[in-house]
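Keep the viewer open while reading.

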Amino acid sequence: MAKYMPVLGSLADATEYVGSEQYATCSAILPLAAFLRRLLMVNDDDPGCIARFRTATLNDFTNRIEGIDALPMLQMAVALDPCYKKLTCLRKEKREAVWTALSNAFRAFYDRIQRARRPTGLEETSTDEAKRMYRRNKN
C-alpha cells in the first residue's frame, strides 16, 4: 500500500484543489488535467502494479476530458484566465487554434451587437424626419 501513497496523495491534492474553491472555475480544469498527466506518467522505476495503476487512471481521466462536448469552451476559459493565459497546459499545436477560436467568437459577438444596434430601416431616424419637415416647409 505504501507504493500507492505518492500517486494517491497527488490525486487527493488535486481533488482538494478543485473542491476547496467556493466556486470552481472552468479555467482550472485543463491546467489540472495537464498536471495530472505529468503526475501519472509511468516512470522506469515504477513497479508493475504502480505502472498499471498510473496507466489506467491516466487513460480514464484523459477519456473523460477529451470526450466532453465543452472542450473548446474550457480551452477558451483557460485562455481568458490571467493565471493561465500562456496556455502551457495545452499542446503547442492547439494553442494557436484556441486563440483563433476565441478571436472568432469575439468577432461574432461584436457583429451581433452591431447588427442589433443598427436601424432596420423601418423606423425613421431623426435626420430623415428633419429632411422631410424641411421639404414640407420649403414648398
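The paragraphs below move from the whole chain to single residues.

This is a predicted model, in which local features need pLDDT of at least 70, side-chain atom pairs count only at pLDDT 80 or more, and totals for chains, interfaces and linings use all residues. Residues are numbered from 1 along each chain as its sequence is written, and side-chain values use heavy atoms, with hydrogens and water left out.

Start with the overall fold. The chain has 6 helices and 0 strands. Both kinds of element are DSSP runs numbered from the N terminus (helices: H or I, at least four residues; strands: E, at least two). Along the sequence the pattern reads α-α-α-α-α-α. Of the 139 residues, 22% count as buried. Here buried means under 20% relative accessible area, exposed means over 50%, and partly exposed lies in between (1.4 Å probe, protein chains only). The chain exposes about 10600 Å², and carbon and sulfur atoms supply 57% of that area. Accessible areas come from the Shrake-Rupley method with a 1.4 Å probe; for residues, only the protein chains shown count as cover. Now take contacts, meaning heavy atoms within 4.5 Å. Among contacts with a separation of 6 or more, residues 24 or more positions apart account for 53%.

Next comes helix packing. Two packed helices are described by the angle between their axes and the distance between the axes. The axes are lines fitted to C-alpha atoms, for helices over the stretch in contact, and angles run from 0 to 180 degrees between N-to-C directions. Angles under 35 degrees count as roughly parallel, over 145 as roughly antiparallel, 65 to 115 as roughly perpendicular, and the rest as oblique.

Look at H1 (residues 5–20) and H2 (residues 29–39). They pack at about 175°, with their axes 11 Å apart. H1 and H2 are therefore roughly antiparallel to each other. H1 contributes Ser10, Leu11, Ala14, Tyr17 and Val18 to the contact, and H2 contributes Leu32, Leu36 and Leu39. By class, this contact has 7 nonpolar, 1 polar and no charged residues.

The axes of H1 and H3 come within 10 Å and cross at roughly 25°. That makes H1 roughly parallel to H3. On the H1 side, the contact uses Val7, Leu8 and Leu11; on the H3 side, Ile50, Phe53, Arg54 and Thr57. This contact has 5 nonpolar, 1 polar and 1 charged residues.

Which residues of H2 are buried? They are Leu30, Pro31, Leu32, Ala33, Ala34, Leu36 and Leu39. Their cover includes H1, H3 and helix H4 (71–80).

Charged pairs are next. Side chains of opposite charge can pair when their charged atoms come close. A salt bridge is a side-chain nitrogen of Lys or Arg within 4 Å of a carboxyl oxygen of Asp or Glu. By that rule there are 2 salt bridges. One joins Asp46 and Arg54, with the closest N and O atoms 3.1 Å apart. Asp46 is buried at 16% relative accessible area, and Arg54 is buried at 10%. The other joins Asp60 and Arg64, at 2.9 Å from N to O. Asp60 and Arg64 are 4 residues apart in H3, so about one helical turn separates them. Asp60 is partly exposed at 40%, while Arg64 is exposed at 56%.

H3 also carries Arg52. Arg52 is exposed, with a relative accessible area of 58%. Its C-alpha lies 8.4 Å from that of Val42, 10 residues apart along the chain.

Finish in the loops. Ala28 is found between H1 and H2. Is Ala28 buried or exposed? At 12% relative accessibility, Ala28 counts as buried. Ala28 touches Tyr17 and Tyr84, leaving aside residues up to four places away in sequence. Ala28 and Tyr17 are 11 residues apart in sequence, and their C-alpha atoms are 9.3 Å apart.

Leu87 sits in the loop between H4 and helix H5 (92–117). Most residues other than glycine have a negative phi. Leu87 has a positive phi, near 60°. Leu87 is also buried, at 1% relative accessibility.

Notes
Ala, Val, Leu, Ile, Met, Phe, Trp, Tyr, Cys and Pro count as nonpolar, Asp, Glu, Lys and Arg as charged, and the others, Gly among them, as polar.
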